[in-house]
Amino acid sequence: MRIRDLAVGLTAALAALAVVTTAEAGGKPKAQGKGKGGKKAPAAAPRPQPRFSLQPLEGSTDPVAIGNGGQVGMSRHVASAGGQQIMTALAWAAGQVTPLESPDGQMSQIHDVPPDGTMVGMAAHHAVIWRGGKLIDLTPGMLWAEARAINAAGVVIGNFRRTSADVDKCFQWSGGVFIELPLPGCSDINAAGQVLGGGQIWSTKGVIKLQQPPGLERYGAMYLNDDGIVAGTVFMGLRGGGDRPFIWSKDGKTATRLHDQAGEVRGINAKGQIIGRTGVQGDLGAVMWEGGKMVALEDLIAERDWHLVDALGINDQGQIIGRAYVGKGGNDKRKERAFVLTPLP
């Protein structure tokens with residue numbers, strides 16, 4: 001991560017020492033001159049070679065999900081007919097932004113994008129699919145519902161409540177058939193039909209319970225890839241440091257913390273690449289965990305004036321969406337932008 005706005009006071013006694021700050025160009029401070037004992041101070045390590053190209057996503061600062069075809073589901077706040085600010089769902093593809101249908105212009109939000117560009121989410125408090133921009137209501141008659149994820153076979157999972165007295169329940173929808181699953185809410189489904197929810201993985205073959213890390217108070221956002229690997233966020237309580245990123249083995253018996261600082265997992269792909277945000281060198285930023293190691297994503301791009309603050313989704317090709325601040329100075333002086341990173345050949 002870059003170090004910004006570094007002010008170094010030079011006195012006459014330190015006139016021989018010149019400090020060059022490269023933060024506004026996206027780098028790390030470099031010391032020139034002599035250090036203790038007359039030795040030349042070491043220069044900061046250079047950035048790695050860029051691994052991603054960066055493309056701004058126009059029309060929104062809140063990308064939500066990216067499909068394997070590169071289509072992006074986004075959200076934007078707009079004024080409703082009553083003058084209130086509501087969230088509305090948008091589809092982005094090849095630089096074009098398309099608003100998605102919602103009954104009477106009510107609130108809508110995307111949660112997942114499968115390879116064919118179909119999008120699932122919520123509109124007017126019902127779980128929905130958008131195909132070709134047209135809306136299909138999956139939960140007519142429900143008080144509230146949301147579609148959380150869809151797999152390559154077109155099976156949708158989500159959460160619902162029939163009445164105001166209900167707690168969240170998990171549903172599965174396929175080919176027009178709606179069934180309730182024995183989970184207290186769910187968040188993801190993989191190609192094998194395994195469904196993740198309530199600290200367990202359910203399938204027709206049985207249930208896999210995830211090991212609970214010591215100090216766990218509740219699970220946050222959780223994600224499941226096609227290999228059965230789970231990555232997600234665990235809330236450890238305020239005394240335990242709040243949110244912590246974790247990964248679980250496919251049998252659920254081993255939970256491994258990804259980072260000692262506070263952080264959140266936002267997704268995992270078929271390659272096992274995990275993205276999210278956490279503290280890096282004292283600052284929050286967008287990161288990727290790969291092969292057991294964590295890397296700041298902004299260290300893997302050529303742009304020096306983009307501070308990548310959050311990674312929000314990743315597809316199986318390794319494309320990553322997220323939010324950034326662009327420009328010079330502190331974040332309060334920069335412009336907030338959405339982006340998509342594409343691996344370089």
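Guide: A residue is called buried if its relative accessible area is under 20%, exposed if over 50%, and partly exposed in between, using a 1.4 Å probe and protein chains only. The model is predicted, with local features needing pLDDT of at least 70 and side-chain atom pairs counting only at pLDDT 80 or more, while totals for chains, interfaces and linings use all residues. Residues are numbered from 1 along each chain as its sequence is written, and side-chain values use heavy atoms, with hydrogens and water left out.

Visitor: Why is R323 called buried?

Guide: The relative accessible area of R323 is 16%, which falls under the limit for buried residues, and R323 is therefore placed in that class.

Visitor: What makes R323 and D310 a salt bridge?

Guide: The term requires a side-chain nitrogen of Lys or Arg within 4 Å of a carboxyl oxygen of Asp or Glu. For R323 and D310 the N to O distance is 3.9 Å, so the pair meets the rule. R323 lies in strand β29 and D310 in strand β28, 13 residues apart, and the pair thus links distant parts of the chain; strands here are DSSP runs (E, at least two residues; helices are H or I, at least four), numbered from the N terminus.

Visitor: Which residue forms a salt bridge with D310 at 2.7 Å?

Guide: That residue is R266, and 2.7 Å separates the closest N and O atoms. This pair too links distant parts of the chain, with D310 in β28 and R266 in strand β24 (residues 263-268), 44 residues apart. Both D310 and R266 are buried, and for D310 the value is 2% relative accessibility. D310, R266 and R323 belong to a network of salt bridges that also includes E264, R277 and E336.

Visitor: How many salt bridges are counted by this rule?

Guide: The count comes to 12. Another of them joins R148 and E146 at 3.6 Å, N to O. Its two partners fall into separate classes, because R148, at 28%, is partly exposed, whereas E146, at 13%, is buried.

Visitor: What makes up the largest nonpolar core?

Guide: A nonpolar core is a set of buried Ala, Val, Leu, Ile, Met, Phe, Trp, Tyr and Cys residues joined through side-chain atoms within 4.5 Å. The largest one here has 17 residues, and those with the most contacts inside it are F52, L297, W306, L308, I320 and L341. Two or more residues each are contributed by β3 (52-57), β26 (283-290), β28 (306-314), β29 (320-326) and β30 (335-343). The largest share, 4 residues, comes from β28, the strand that also holds D310.

Visitor: Why is the pair of Y219 and W248 called tilted?

Guide: Their centres lie 6.2 Å apart, inside the distance limit, and their planes stand at 55°, between the two angle limits, so the pair is tilted. Y219 lies in strand β20 (residues 218-224) and W248 in strand β22 (residues 243-248), so the pair ties together parts 29 residues apart in sequence. Y219 is partly exposed at 22%, and W248 is buried at 1%.

Visitor: What places R218 over the face of a ring, and at what distance?

Guide: A charge sits over a ring if NZ of Lys or CZ of Arg is within 6 Å of the ring centre and within 35 degrees of the ring normal. R218 lies over the face of F235, 4.2 Å from the ring centre, and the charged end of R161 sits over the ring of W144, 5.5 Å from its centre.

Definitions and conventions: Phe/Tyr/Trp six-rings, centres within 6.5 Å; stacked < 30°, edge-to-face > 60°.
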